[in-house]
Amino acid sequence: MTQRIGILTGGGDCPGLNAVIRAVAKSLMRQCGAEVIGIEYGFGGLMGEVPRVRPLDWASVSGILMRGGTILGTSNRANPLRSEADTERVLAHARALGLQALVVIGGDGSMAIAHGLAQRGLPIVGVPKTIDNDIPGCERSFGFDTAVATVTEAIERLQTTAESHGRVMIVETMGRYAGWIALEAGLAGAADVILLPEIDFDIEAVAAVCRERERRQRYTIICIGEGAKPIGGELTVHRRITDSPDPIRLGGVALVLQAALQARLDSEVRATVLGHVQRGGPPTPFDRVLATLFGNEAAQLVMRGDFNRMVTQQAGRLTSIALAEAAHGSRRVPADHPLLRAARQIGVSLGEAGQPLGPIVGRPTDGPGAVPPCPRADGV
């Protein structure tokens, strides 16, 4: 009997979603002759009185590799676990559609929903999706590379106007409670200060960097993740959506930082909140390839009957983990990450008190504030 497999995209949109849909569908059609059904608007497509679905044949998934967004539509509010009635309706629709399995492409919220439905007997394969790169058990998610490229370009553009006017320019990135986007884009865009949710920043230390650069280079670029906060401060919450699986929406910390710095500096301070521009547009070649690999691997799990697992990448290799492992928590930047070490060693401020400012040329080699000599290559 021909297998019938459903695909849905849940949560926020993300570059690379269509590449996954294409890879899952084409792999299943080509390798086992499966019939593939697209569920529209995430889990919401299975929560109404009548399911919202469309057939995904070879032609309908051709030519979508490079397209941003998702041809199926998505929702970050549809949560069938919110009530027993909603859960039962989703399961009933899945049975009525004759789905042997459901491929869920989404972030940690979608994986939590998928895990809940899997516990109720619906065979599910998950594919991790987020520009934030924060899904537990997955070292690299598609969409992240595209977001980093977008933020990096924005930083480069703001740097020229900052230099022209002698300004402090603050760029706020997405990322929720993880600083991956701010960290990688900040390094790639040559930001002078990178502020992350994982390291509470000292406002006086940030101001000191700006003052030092006022004297030396006239301008400063600050890249800040939306989940960053000052020592002893609170997260900057833009709004709350009560019926969403993730009700807190962060945003606006760059404006808070702008006000705090303007009171301490002579330079003009400007803030730019990039927002959803980071999630739009076509995926980078890297994300197209990664999404294709993830989608094909998800199809292999379906064909093997290896359900209730999520495709992932660990140590540079494709593998899978139990949905339960990806359903809760957030993968944050660890304190010993090589990128943090590199940032400090090349003079990028992470908003930490006591970090040396600028180059060491001209500093004393003995006495207070002495600079230790660099070790010789031969160890002498």
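**Sheet, helix packing and nonpolar cores**

Gln 313 stands opposite Leu 318 of strand β13. The model is a predicted one, in which local features require pLDDT of at least 70 and side-chain atom pairs count only at pLDDT 80 or more, whereas totals for chains, interfaces and linings use all residues. Residues are numbered from 1 along each chain as its sequence is written, and side-chain values rest on heavy atoms, with hydrogens and water left out.

Two strands are taken to pair if DSSP finds at least two bridges between them; strands (E, at least two residues) and helices (H or I, at least four) are DSSP runs numbered from the N terminus. Both strands belong to an open sheet of seven strands with mixed pairing, in the order β3-β2-β1-β4-β5-β12-β13. Its edges are formed by β3 (53-55) and β13 (317-322), each of which pairs on one side only. On average, neighbouring strands of this sheet are turned by 30 degrees against each other, direction ignored.

Helix α1 (residues 17-32) packs on the sheet and touches β1 (4-9), β2 (35-39), β4 (101-106) and β5 (124-128), contact being defined as heavy atoms within 4.5 Å. The direction of α1 makes about 175 degrees with that of β1; axes are lines fitted to C-alpha atoms, for helices over the stretch in contact, and angles run from 0 to 180 degrees between N-to-C directions. Helix α8 (residues 285-304) lies across β1, β4, β5, β12 and β13, at about 140 degrees to β12.

Helix α5 (residues 180-188) packs with two other helices. With α10 (residues 338-345), the angle is about 40 degrees and the axes are 11 Å apart; α5 and α10 are therefore oblique to each other (angles under 35 degrees count as roughly parallel, over 145 as roughly antiparallel, 65 to 115 as roughly perpendicular and the rest as oblique). Leu 183, Glu 184 and Leu 187 of α5 meet Leu 339, Leu 340 and Ala 343 of α10. The axes of α4 (residues 144-165) and α5 come within 8 Å and cross at roughly 50 degrees, which makes α4 oblique to α5.

The largest nonpolar core has 90 residues, and those with the most contacts inside it are Ile 7, Ile 21, Val 103, Ile 105 and Phe 142. Apart from this core lies another, of 19 residues, including Val 193 and Val 206. Such a core is a set of buried Ala, Val, Leu, Ile, Met, Phe, Trp, Tyr and Cys residues joined through side-chain atoms within 4.5 Å, buried meaning under 20% relative accessible area (1.4 Å probe, protein chains only).

How values were computed
Buried < 20%, exposed > 50% of the residue type's maximum accessible area, 1.4 Å probe, protein only.
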